[in-house]
Amino acid sequence: MERIQILWADDEIDLLKPHLLFLKDKGYDVITATSGDEALELVEKHDFAVVLLDENMPGLSGLETLNRLKAKHSDLPVIMITKSEEEHLMEDAIGSKISDYLIKPVNPNQILLSLKKTLDNKRLISEKTTSNYQQEFRQIGMTMGDRLSWKEWSEVYKKLVYWELELDSSKDESMMEILKMQKSEANKLFGKFIENNYIGWLNGKTQNPPLFSHTVFKAKIVPMLDKEEATFVVLIDNLRYDQWKIIQPIVAEYFKVDDEDLYNSILPTATQYARNAFFAGLMPSEIEKRFPGLWLNDEDEGGKNMHEEEFLADQLKRLGKNVKMSYNKITNNAAGKKLSENMSNLMQNKLNVIVYNFVDMLSHARTEMEVIRELADDEKAYRSITLSWFENSPLLDIIKQIAAKKCRMIITTDHGTIKVTEPSKVVGDKNLTTNLRYKQGKSMNYERRDVFEIRNPADAFLPKQNISSAYVFVKEDKFFAYPNNFNYYVTYYRNTFQHGGVSLEEMIIPFITLSAK
């Protein structure tokens, strides 16, 4: 076993020889110092795992030594030892980011326990996490073998995300690979589940349909409009459930979670379909019929989400909700800051909708910009960059203001996204849509096993471009690629984050109801 080198600084170190011998027997090599100055010199010469530091030394005090040590070696763990229980000393030491605090007289076992807690904490947590996932791996696998309802699938997805986040911090690569395999198997089975049920749900032929993009507003938001306080709906485009879990601790400083629900994005899991359906309370073909001048199809020129405010106003009117409302779409940092500065003007409205586009922009930027590809190289990094953005965004300022006014808030999204790894060949005419996760057109050839095909768009309430139009949605972590220039295309798009198709990540998405603390 590799021995661990530690430094113990105490002006009465000669009285602690029994402690030093005890620690030597336990695998620790202890180098001693009798003053703060000597301790600082030794830290520059040796690679210590931890420092035991007496608070009450002549000359340079323990706290002064601690401050100087942390100024140069901020990551080096320090355990403070003192005769005093004075509160201000403890506060000073804790404020300087010590790892532990012991009161004299200390016995050898106390020291050993503190060392183990300081040095082994991450390792012990990692081992426990790995062990716990190993136990649940079999249970999740058995559950996926059953005939699951949508609600049960959402619970499986929650568990997979939970373990993904837990294993993120454990750094156990082998267990993370096993989780990836289990997630891949889950997506394969979920794809079959969607194929078997999606059309039936939409047409009222399958029992227990989930909440969908076009039904969630009426079911979850409209009842809140009868309450006294204002409601803010913050729709963060492209926000996956795992990304919500990453930002949740920050939101929880200002809000308590009343309900952490999930709902099902319609197909295609793309903004122009799912978000328009969310605000209109209608499926895409119904929007096209009701608003023939406002709905744009894939091949039409112009923005596809330019009329959400009109769709929302129409839905509220149909539902008999004559409430004062605002709609705000944020597509850049300057617009976010401007809204943050004008929040007081929104507090009199019964309903305020804020569409925030950052995560969607990050997803697209990651495909197109090399620097973002490198920053968000994998799922963990993608979550990390989302967290970093959120912590420093005008959106957090907006959320703080909503909490200060004791308003209700909903955080939700329109669809998720998936990291794609495997190409699936598709061929069609020149009018075939360009999205990598779904295609709409006629005379298409594709790998049937890779897709969920809807030959009659009317079955899924989707617009029909011409008499022989069809839709295909790629499943799992695949992406459509054309045979022409195949290798270049695959190299460019592999390991990018895409949406539009069938996967747990794209379809099962968060709907979080919060109340101010």
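Burial first. The protein has 517 residues, and 53% of them count as buried. Keep in mind that this is a predicted model. The exposed surface comes to about 24,300 Å². Carbon and sulfur atoms supply 49% of that area.

Now the overall layout. There are 19 helices and 19 strands in the protein. Along the principal axes, the C-alpha atoms fill a box of roughly 95 × 55 × 40 Å. What about contacts across the sequence? Take the contacts between residues at least 6 apart in sequence: 73% of them join residues at least 24 apart.

Let me start with a pair of helices. Two packed helices are described by the angle between their axes and the distance between the axes. Here the pair is α10, residues 271–280, and α12, residues 308–318. Their axes come within 7 Å. They cross at roughly 35 degrees.

Which residues meet? From α10 we have Arg 275, Asn 276, Phe 278, Phe 279 and Ala 280. From α12 we have Glu 308, Phe 311, Leu 312, Gln 315 and Arg 318. By type, the contact residues divide into five nonpolar, two polar and three charged.

Stay with α12. Its buried residues are Glu 308, Phe 311, Leu 312, Asp 314, Gln 315 and Leu 316. What covers them? The cover includes helices α8 (216–221), α10 and α11 (284–290). It also includes strands β8 (325–330) and β9 (351–356). After α12 comes Gly 320, with a positive phi near 75 degrees.

Next, the loop between β7, residues 255–264, and α10. Thr 269 sits in this loop. Is Thr 269 buried or exposed? Its relative accessibility is 0%, so Thr 269 counts as buried. The cut-off for buried is under 20%.

What does Thr 269 touch? Leaving out residues up to four places away in sequence, the list is His 415, His 499, Gly 500, Gly 501, Glu 506 and Met 507.

The peptide bond from Leu 267 to Pro 268 is cis. Omega is near -5 degrees there.

There is another cis bond to look at. A cis peptide bond joins Lys 104 and Pro 105, with omega about -5 degrees. Pro 105 lies in the loop between β5, residues 100–103, and α5.

That brings us to α5, which spans residues 108–144. Ile 125 is in this helix. Ile 125 is partly exposed, because its relative accessible area is 46%. How far is Ile 125 from Ser 169? In sequence, they are 44 residues apart. In space, the C-alpha to C-alpha distance is 9.1 Å.

Now the backbone angles. Most residues other than glycine have a negative phi, and most peptide bonds are trans. Two residues to check here are Asn 238 and Lys 406.

Asn 238 has a positive phi of about 75 degrees, and it is not a glycine. Asn 238 is in the loop between β6 (231–236) and α9 (241–251). With a relative accessible area of 0%, Asn 238 is buried.

Lys 406 also has a positive phi, about 60 degrees, and is not a glycine. The loop here runs between α17 (394–404) and β10 (408–412). At 49% relative accessibility, Lys 406 counts as partly exposed. The line for exposed is over 50%.

Last stop, a sheet. Three strands form an open sheet, in the order β14-β12-β17. The pairing is mixed.

Finally, the pairing of β12 with β14. Strand β12 covers residues 422–427. Two bridges join β12 to β14, and these strands run antiparallel. To find the spot on screen, look for Val 426: Tyr 446 in β14 stands opposite.

Notes: Residues numbered from 1 in each chain as written. Predicted model: local features only at pLDDT ≥ 70, side-chain atom pairs only at ≥ 80, totals over all residues. Heavy atoms only, no water. Pairing = 2+ DSSP bridges. Helix = DSSP H or I, 4+ residues; strand = E, 2+ residues; numbered from the N terminus. Axes fitted to C-alpha atoms, helices over the stretch in contact; angles between N-to-C directions. Contact = heavy atoms within 4.5 Å. Nonpolar A, V, L, I, M, F, W, Y, C, P; charged D, E, K, R; others polar. Buried < 20%, exposed > 50% of the residue type's maximum accessible area, 1.4 Å probe, protein only. Areas by Shrake-Rupley, 256 points an atom, 1.4 Å probe, with all protein chains shown as cover.
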